[in-house]
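Hello,

Here is the structure I promised to hand over. Please have a look at it first, and then read on for what turned up.

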Amino acid sequence: MENSAACPIPLLLLFFFMFFTIYLVAYFIVFRNWSPNIRPESSSCFISLAHGTPAVLLSTFSILADSNRGFASPNTDPQNLVLDFSIAYFLMDLLHYIVFFPKDVLFIAHHLATLFVFVTCRYLVSHGAYAILVLLILAELTSACQNAWTLANARKNDVAFAAKLYGLLSPPFYTVYSIVRGLVGPYFLYEMFAFYVSGAAKSVIPKWVWVSWIVVVLTAISVSILWVSNLWVELYRDRTGKLEKKIR
């Protein structure tokens, strides 16, 4: 069922207020005893946990429930709900970066670009949610593990359990992340590009919109591959260094 644009803003505001509340709970209660230097980023991880896995589940349900799903299919009500849910999260996390890390241009640009994709899909063209939500699933599939890894990394130097958890999570997290971002993501993006460049969606999604989507996603995937590649290099150096110490 195609969604009417009736009353979308209150739902979006409700989701934003929810993430804002979760952030405050994390900052002032959950991480109140943590160092002020890592409390903001830890609170960001907390709202990411509240967004990532639910977004994957909701996206999967909304896609499977749409018998007419496709790259140019009209957005359904469940799909628009997920888009609003994710728009609210990225707005809240964008606010977090503007307040605490205004010089972190890369993440701010990433969030703005992601919001552009979600907002244009949700409110401008009202088509193509299938493609955007599949990409969202791929992006958030490793969210729970990544946030646990990030939190462990923040405390690994002063908490033994955090150091152990960080070492335990790193190889499987890097592996799954590499497969999703380095193989599955690029393949789906190619399928998406091939469909749109054929002109099959020109009546419902303007060229400048889908080209912008492709550019944003391609850039995000490229940065992700570079990021995880650096992590693999660091892991190799760390494990090699520990092995050399044992040998000596």
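Let me start with Leu138, which sits in helix α5 (residues 129-140); helices here are DSSP runs of H or I with at least four residues, strands are runs of E with at least two, and both are numbered from the N terminus. Please keep in mind that this is a predicted model, where local features need pLDDT of at least 70, side-chain atom pairs count only at pLDDT 80 or more, and totals for chains, interfaces and linings use all residues. Residues are numbered from 1 along each chain as its sequence is written, and side-chain values use heavy atoms, with hydrogens and water left out.

Is Leu138 buried or exposed? Its relative accessible area is 13%, so Leu138 is buried (buried means under 20% relative accessible area, exposed over 50%, partly exposed in between, with a 1.4 Å probe and protein chains only). Setting aside neighbours within four places in sequence, Leu138 is in contact with Val180, Arg181, Val184, Gly185 and Phe188 (contact means heavy atoms within 4.5 Å).

Phe188 also belongs to an aromatic cluster, together with Phe71, Tyr130, Phe193, Phe195, Tyr196, Trp210 and Trp213. The structure holds 32 aromatic pairs (rings of Phe, Tyr and Trp, the last by its six-membered ring, pair if their centres lie within 6.5 Å; planes under 30 degrees apart count as stacked, over 60 as edge-to-face and the rest as tilted). One of these is Phe15 with Phe85: the ring centres are 5.3 Å apart and the planes stand at 85 degrees, so the pair is edge-to-face. Because Phe15 lies in helix α1 and Phe85 in helix α3, this pair ties together parts that are 70 residues apart in sequence. Both Phe15 and Phe85 are buried.

The rings of Tyr97 and Phe101 make a tilted pair, because their centres are 5.9 Å apart and their planes are at 50 degrees. Tyr97 counts as buried at 3% relative accessibility, whereas Phe101, at 26%, counts as partly exposed.

Finally, the UniProt record (an unreviewed entry) places the feature "domain: TLC" at residues 37-240; its positions use the numbering used here, feature names are shortened, and annotations may be inferred rather than shown by experiment. Over residues 37-240 the chain is 82% helix and 0% strand, with the end C-alpha atoms 30 Å apart.
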